Structures are given as structure tokens and as C-alpha cells.
Amino acid sequence: MNTEPIRFDTKIAVLLREDLEPWQRLNVTAFLVSGLGSEIEEVIGEPYEDADGVSYLPMFRQPVLVFEGTKETLKAAHTRVLNRALPRAVFTADLFTTGNDRDNRAAVRAVPTAELDLVGLAVYGPRNGVDKVLKGARMHP
């Protein structure tokens, strides 16, 4: 059995706007990473099983790093992630007022890209590419 640590040349990261309430930070993070996990098969690891043989759903195969920044930092990161064409998910302030998936998608669709009121962004890709997207952000405390 191989016991060497697994190293990844990719990164999963979430960038949150610094002025969010604690419950909003958790909610936005959960929604954002669900977008990555639903579309990018390579980020999902193997299912889990405990010593009694009870099985559990697979999770991401690597850590999710959470960052925070100003509204301007988020806007700049959004521009960079689009320019790099990296897989991404967005959460806008409008989504706090909707109550279902259809309304969530309609709220994003109603706003031009440059005018999105971003409160969160998730990105996946090569470590150096993700680091460049997140330039100016800091690790979440």
C-alpha cells in the first residue's frame, strides 16, 4: 500500500467578499463548490467507508482553500478567471433574495457580466493560474 502523500498540481479555491455575514460565508461557499463538483469529475475522490462497512459519498480529492477580499478584488478576480477561461462558479448578492434554483439562474442571467454584484467566486485549475486569478486576495481568517 502506497503511503506517500498525494500532491496536486491543481487548486480549488473560493473567494468571498469580506463584508459577508458568517452565515452568508458558509452558504456562499457551499453553493460555489457544489458547482465545481457537479461539472468537473476529476475533483471528486473515491467514496468513503467506515470500519463497519457503512459507505459515504465521495468528496473533493483535495482541499478547498478559502480567501476573502474587497468588492474590487472580487471584480478583478472575475475578470482574470474569465480571461484565463478557468472553470468557475459565481454567487451574486441577488441570490440572497431568491428562494429556488430557477430564480437563482434568472437573477444571474438578468445582469450583464461587468455589472454582476459578486459576493463569491469559486475557481479550479492549475495552481499558478488560480494563484494569478486570486491576486490581491488573502486567506480567510
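Contact here means heavy atoms within 4.5 Å. Keep that cut-off in mind for what follows. The model is predicted.

Start with the whole chain. The protein has four helices and seven strands. From the N terminus on, these elements run β-α-β-β-β-α-β-α-β-α-β. The C-alpha atoms fill a box of roughly 50 × 35 × 30 Å along the principal axes. Of the 141 residues, 35% count as buried. The accessible surface comes to about 9,000 Å², and carbon and sulfur atoms account for 53% of that surface.

Strands of a sheet pair through backbone hydrogen bonds, either parallel or antiparallel. Here five strands form an open sheet with mixed pairing, in the order E5-E6-E1-E4-E7. Strand E5 (88-92) and strand E7 (138-139) stand at the edges. Each has a single partner strand, so one side of each lacks a neighbour in the sheet. E7 pairs with strand E4 (residues 64-69) in the antiparallel sense, over two bridges. Within this pairing, Glu 68 has Arg 138 of E7 as its bridge partner. Helix H2 (residues 71-84) packs on the sheet. H2 touches E1, E4, E5 and strand E6 (118-126), and its direction makes about 40° with that of E6.

Next, look at one residue in strand E1. Arg 17 lies in this strand, which spans residues 10-17. Is Arg 17 buried or exposed? Its relative accessibility is 12%, and buried means under 20%, so Arg 17 counts as buried. Its side chain makes a polar contact of 2.8 Å with the side chain of Asp 19. Leaving aside residues up to four places away in sequence, Arg 17 touches Arg 25, Gly 69, Thr 70, Lys 71, Leu 74, Asp 117, Leu 118 and Val 119.

Finally, the aromatic rings. A search of the whole structure finds three aromatic pairs. In one of them, the rings of Phe 91 and Phe 96 have centres 5.2 Å apart and planes at 50°, so the pair is tilted. What are the burial states of these two residues? Phe 91 counts as buried, at 4% relative accessibility. Phe 96 is partly exposed, with a relative accessible area of 24%. Ring pairs also bring in other residues: they link Trp 23, Phe 31, Phe 91 and Phe 96 into a cluster.

Definitions and conventions: Residues are numbered from 1 along each chain as its sequence is written. This is a predicted model: local features need pLDDT of at least 70, side-chain atom pairs count only at pLDDT 80 or more; totals for chains, interfaces and linings use all residues. Side-chain values use heavy atoms; hydrogens and water are left out. Buried means under 20% relative accessible area, exposed over 50%, partly exposed in between (1.4 Å probe, protein chains only). A polar contact is a pair of N or O atoms within 3.5 Å; within protein, one must be able to donate a hydrogen and the other to accept it, and residues adjacent in sequence count only if both atoms are side-chain atoms. Two strands pair if DSSP finds at least two bridges between them. Axes are lines fitted to C-alpha atoms, for helices over the stretch in contact, and angles run from 0 to 180 degrees between N-to-C directions. Accessible areas come from the Shrake-Rupley method with a 1.4 Å probe; for residues, only the protein chains shown count as cover. Rings of Phe, Tyr and Trp (its six-membered ring) pair if their centres lie within 6.5 Å; planes under 30 degrees apart count as stacked, over 60 as edge-to-face and the rest as tilted.
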